[in-house]
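Hi everyone, thanks for coming. Let me put the structure up on the screen and then walk you through a few spots in it.

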Amino acid sequence: MGGGRKRRRRRDGTEAPSIHPRNRYAAAALDFAALAELYPSFRPFVSVSERGRASVDFTDFSATRELTRVLLLHDHGVNWWIPDGQLCPTVPNRSNYIHWIEDLLSSNLIPPISSSSGRVRGFDIGTGANCIYPLLGASLLGWSFVGSDVTDVALEWAKKNVESNPHLAELIEIRNANAVSFPYESEAVVKEDVSENISEPAEDAAMQKPSILAGVVKESESFDFCMCNPPFFESIEEAGLNPKTSCGGTAEEMVCPGGELSFVTRIIEDSVSFKNSFRWFTSMVGRKANLKLLISKAREAGASVVKTTEFVQGQTARWGLAWSFIAPRNLVVRSSTPARNHHSFMLQGLRREHGAFQVLKSTEAFFRASDLSCKTDTLSFSVDVTLSDEQAEATILHGDDYAGSLEDSSAKLQSVVKGISFRITVFEQIPGTLLIKGSLINKALSGNLRVSCDYWHVS
C-alpha cells in the first residue's frame, strides 16, 4: 500500500540498514489516503497537499494512535486501543524487532533449549498498555507470550487489548511484575556475584534496584526469548526533546534512574540466574554509546554469544542487543565452489578464550596431527601448510572434483604442481567473531584444489 521505498545511504556512501525484508511494510511506504478511504475515523488526521500527497501530523498523539489502531486492524486483524498519555507504538518499527528475533531463533547458532515445546514462547519485559509485541508476535507468527508490567493502567489496558482479540487470547498472559515471589535461594547469591563483575556508576551502585526477571519468571518456566523496549531516558525532560513526534508515554514507561543503561544492565544481571531458562535475552537500545557498554557487560556476565543489529526507525536510530549463555553449535562450513583459490567463513559466538591467537595455534595443531608441514607467522596471524607429493596425489585422487575413472584422474595429475601449499589466516572482526580465510599459495592450482573446511572445530 503506497509507493516504493528509496534506499538510504550514509554520509560515507555506504548503504544504511533498511527495514527488515519480511516486514510487510518493507515493499512500499504507507498509503495514508487509501487508509483514510477505508477507515472514516482516520480521515480527519490525513492532510493532502496541492500536489496530492497525503501526510499525517506525527506530532499529534491522536493521529499517531489512530494510525496504529488502523494498521493493526487492517494488516493484522487486531483490535486495539490505549488511553491518552500512554506510549503509542508505531507498527512498522515494532515489527522489525519481532522479525529480528525470528532470525535469531531460526539461525543455527544457538540450539533450542531442551524444554522448548513446539510453539515459540516469548517474555515481554514492560509490555505497556499497548501490549504491542505480544499482539504482533501472536498475530504474525503464532507465538505465545508472557507480558509483564508494574503499573495498574498498563496491566489493565494490556489485558483489555488481549481480551479484545479472542483469537489471540489463549496465546498471551499478562503478569503483574509487582506481585513477585522468589522460589530460588541461589538467585540472590548468583546476582550478587555477577554484580561484582559488572561495572556500574558509583551513584547507581548505592541504589536499591528491583529485579526485572527474578520472581516474575516462575519456577521451571522456560522461554525461547525475552524482549524489551526499555525506558530510554533519565528524566521526563530528556524524553520530550524530540519535537518531530508525539508518541505519548508516561514517566514509568520512558524514564528510570540511570536511563536505559541502568535498566538493561539489570536485565543482564538477572539473566545470569536464568541462563538455562531462556534461549536468547534481547533488548532494544537507544544510544550507540550505551550499546557498546552493554555488549561489554553481557560478556563480563559470561554470555557465550552476543549479537547486535540496527533498526530502521524513520529518523530515529535504534539498536537491538541479544545475548545467550547457551554454548553455540560448532560451525561446519562446506564449500563447493570449484574455480576459486581462496575460501573464507566466519566463526561467531566464540568465548573470550578463543581469540585469534588461540584459534591460530589450534589450526597449526590440527594440521600437524595430520602429518602436514606447518609454518606459523604470529605477526600476520597465518599458518602455511604444505602437503608432500604423496599427500597431494591422494588429495587429488579422492577429491569430489575428480570423480571418474582412475585413468582420467591420473591424466589430470600430470598438470598438478608439486608441493601443494596453502595459507590459513585468522582475522578478529570483533570480540567473539573471527574471519577464517584459506588461500592457495600455488596459484596455478586455482580450480584444481578445494580446501575443505568440513572438520573445522574450535575446542
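Some ground rules. This is a predicted model, so local features need pLDDT of at least 70 and side-chain atom pairs count only at pLDDT 80 or more, while totals for chains, interfaces and linings use all residues. Residues are numbered from 1 along each chain as its sequence is written, and side-chain values use heavy atoms, with hydrogens and water left out. When I say helix or strand, I mean DSSP runs numbered from the N terminus: H or I with at least four residues for helices, E with at least two for strands.

Okay, helix 2. It covers residues 61–76, so 16 residues, and spans 22 Å from first C-alpha to last. That's close to the expected 22 Å, where the expected span is 1.5 Å times one less than the number of residues.

How many of the residues of helix 2 are buried? It's 12 of the 16, so the helix is largely enclosed by the rest of the structure. Buried here is under 20% relative accessible area, exposed is over 50%, and partly exposed is in between, with a 1.4 Å probe and protein chains only. Among the buried ones are Phe61, Arg65, Glu66 and His76. The cover includes helix 1 (32–38), strand 2 (54–56), helix 3 (91–106) and helix 4 (132–141).

Now the two ends. At the start of helix 2, a side-chain oxygen of Asp60 comes to within 3.0 Å of the backbone nitrogen of Ser62. After the helix you get Gly77, with a positive phi, near 65°.

Next up, a pair of helices. Two packed helices are described by the angle between their axes and the distance between the axes. For helix 3 and helix 4, the axes come within 10 Å and cross at roughly 65°. Those axes are lines fitted to C-alpha atoms over the stretch in contact, with angles from 0 to 180 degrees between N-to-C directions.

Have a look at Arg94, which sits in helix 3. Arg94 counts as buried because its relative accessibility is 11%. Beyond neighbours within four places in sequence, its contacts (heavy atoms within 4.5 Å) include Leu87, Ile132, Leu136 and Asn229.

Last stop: Ser439, in strand 14 (residues 433–440). Ser439 is buried, at 18% relative accessible area. Its C-alpha is 8.5 Å from that of Ser344, 95 residues apart along the chain.

Key
Polar contact = N/O pair within 3.5 Å; in protein donor to acceptor, adjacent residues only side chain to side chain.
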